[in-house]
Amino acid sequence: MNDLDLVIGGGNVVTAADSYAADIGIKDGRIVQIGQGLTGVERIDASGLLVLPGGIDAHVHLDQPTSDGTVMADDFASGTRSAAAGGNTTVLPFALQIKGQSLRACVEDYRRKAAGNCHTDVAFHLIVSDPTPQVLGQELPALVRDGYTSFKVFMTYDDLVLNDAQLLDVFEVARRERALVMVHAEGHDAIKHLTRRLEAEGQTAPYYHAEAHAQIAEREATHRAISHAQLIDVPIVIVHVSGREPMEQIQWARARGLKVFAETCPQYIVLTAEDLRGLNMDFDGAKYVCSPPPRDVDSQVAIWQGLRDGTFDIFSSDHCPFRFEGEASKDNPRARTSFRWVPNGIPGVETRLPILFSEGVSKGRISLQRFVALTSTNPARLYGLYPQKGSIAIGADADLTLWDPTLTRPIRQADLNHACDYTPYEEMQITGWPVRTILRGRTIAVEGYVRPDAGGRELSRAASEIYSRGT
Ligand code: DUC
Ligand code: ZN
Ligand code: ZN
């Protein structure tokens with residue numbers, strides 16, 4: 001019997017539950033056999049390699065307009081090219097509603113930007129910035145029913161912040177429609193207060209972004225979001241958790257049986273606020289400005305513990321790329337006057353998996369199974385893509401990443417595919433790199449080179465699995 005299109009042979013298959021030596025048989029873009037001695041029209045030799053479910057980066061920003069005229073470095077073509085090179089087969093970007101805009105029109109805008117340009121599969125989260133009666137009563141419920149089953153809300157930023165009453169209203173719609181709310185938990189007024197005080201003291205260098213976005217403000221907002229979710233009885237995901245204190249709030253909620261999920265990101269395990277000092281408290285620190293900011297070594301230790309013990313469900317990049325130099329970049333005249341104007345965000349979709357693998361698996365901090373759970377299986381489960389995505393199983397899409405666990409080389413901007421002009425992780429030594437990314441049975445990237453044709457699709461999603469776990 002030789003009706004397989006492709007066999008990935010001789011590799012060590014790793015899932016969130018186990019690992020075993022097996023061949024994988026692929027037909028029409030799906031996994032149809034897992035066994036020994038399989039043969040097919042084509043064979044890819046995976047001996048010495050790990051065969052992982054393709055990476056799913058559940059938090060990336062692509063081609064988003066900004067309120068201050070700065071321009072995001074990556075559009076859907078370059079961002080998903082970078083994702084593919086980094087071992088990802090699916091990314092979840094955001095469709096950001098601008099105040100006054102119809103949510104439906106916003107989604108259609110982003111779909112147009114993505115169509116025909118994606119190297120990986122994509123599925124959109126929504127960002128709700130203007131919860132009008134029309135949005136809450138009609139547009140949002142209709143979009144959830146159309147498969148946009150998660151949306152993000154912000155507790156800070158002048159143009160995005162929702163007050164407590166609005167948060168509660170949005171949570172209520174999520175509960176009714178069985179959608180998952182992602183929360184950017186930082187306290188707006190505390191940040192504004194600290195920003196004003198620092199500026200009055202003349203402390204305006206990029207470093208002070210980390211002081212203005214204090215961990216206390218993140219802890220307070222995390223607890224407030226949890227309390228609101230408890231009041232409404234709705235599951236939420238606290239995204240980009242940066243440190244020990246907000247993490248403890250999540251553990252507090254979990255200990256009480258609340259449905260609170262958590263995400264963290266590479267910047268919180270390998271960067272600290274010290275990086276924002278730049279060379280000598282200079283503008284170079286702007287390369288590390290993101291929100292929430294990286295914290296300290298104590299928080300890194302806490303986050304690793306949370307990655308191990310299940311406090312964190314998912315590990316995403318929060319890829320939010322701005323060029324450092326040139327027009328509409330981080331280094332713009334207004335940003336030179338105060339950290340307040342430095343665009344918030346750093347690139348990371350291509351380096352997420354290598355950083356977690358190298359710092360986590362290669363250094364013995366987390367198991368291979370945990371790595372797969374955090375970077376592929378759990379995001380698929382949480383965001384309604386499982387079992388089509390996020391697993392190596394009969395019937396699943398043949399989305400696979402072949403991984404060389406021994407390959408050692410540094411991260412270098414010159415090797416990356418993103419359209420940003422720097423990486424915050426320059427020269428970081430990495431052991432364990434993706435060597436081939438396969439999307440629905442088709443190789444899309446080999447050792448950093450991405451095939452030119454963009455074969456990614458937009459995925460429609462089911463409700464989060466959390467709604468079918470008897471909750
Ligand atoms: N929040 C994000 O999720 N990404 C970048 C900036 C921000 O505030
Ligand atoms: Zn955010
Ligand atoms: Zn983000």
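How many Å separate a polar side-chain atom of H240 from an oxygen atom of ligand 1? Select both, and keep in mind that you are looking at a predicted model: the distance from a polar side-chain atom of H240 to that oxygen atom is 3.2 Å.

Taken alone, ligand 1 would expose 240 Å², and the protein buries 95% of that. If you now select the residues around ligand 1, you will find H59, H61, K152, Y157, H184, H240, S291, D318, C320 and N344.

Next, select the zinc ion that is ligand 2. Its protein donors are K152 through NZ, H184 through ND1 and H240 through NE2, lying 2.1 Å from the ion, and along the chain these donors follow the spacing K-x31-H-x55-H. Colour the strands to see that K152 belongs to strand β10 (residues 150–154) and H184 to strand β11 (residues 180–184), so that this pair, 32 residues apart, links distant parts of the chain. Are K152 and H184 buried or exposed? K152 has a relative accessible area of 1% and is therefore buried, and H184, also listed at 1% relative accessibility, counts as buried. From ligand 2, go on to the zinc ion that is ligand 3, which is 4.1 Å away.

Return to K152 and select F94 with it: the charged end of K152 sits over the ring of F94, 5.5 Å from its centre. A further stop of this kind is K287, whose charged end sits over the ring of F324, 4.9 Å from the centre of that ring.

Finally, turn to the aromatic rings, where the count comes to nine aromatic pairs. Select Y110 and F124, whose ring centres are 6.2 Å apart and whose planes stand at 65 degrees; because planes over 60 degrees apart count as edge-to-face, this pair is edge-to-face. Y110 lies in helix α2 (residues 103–114), whereas F124 lies in the loop between β8 (121–122) and β9 (125–127), 14 residues apart. Y110 counts as buried at 3% relative accessibility, and F124 is buried with a relative accessible area of 1%.

Methods
Residues are numbered from 1 along each chain as its sequence is written. Chains are lettered from A and ligands numbered from 1 in the order in which they are written. This is a predicted model: local features need pLDDT of at least 70, side-chain atom pairs count only at pLDDT 80 or more; totals for chains, interfaces and linings use all residues. Side-chain values use heavy atoms; hydrogens and water are left out. Donors are N, O and S atoms within 2.8 Å of the metal (3.2 Å for Na, K and Ca); water is not among the atoms, so sites may look incomplete. Helices (H or I, at least four residues) and strands (E, at least two) are DSSP runs, numbered from the N terminus. Buried means under 20% relative accessible area, exposed over 50%, partly exposed in between (1.4 Å probe, protein chains only). Rings of Phe, Tyr and Trp (its six-membered ring) pair if their centres lie within 6.5 Å; planes under 30 degrees apart count as stacked, over 60 as edge-to-face and the rest as tilted. A charge sits over a ring if NZ of Lys or CZ of Arg is within 6 Å of the ring centre and within 35 degrees of the ring normal. A residue is near a molecule or strand if one of its heavy atoms lies within 4 Å of it. A polar contact is a pair of N or O atoms within 3.5 Å; within protein, one must be able to donate a hydrogen and the other to accept it, and residues adjacent in sequence count only if both atoms are side-chain atoms. Accessible areas come from the Shrake-Rupley method with a 1.4 Å probe; for residues, only the protein chains shown count as cover.
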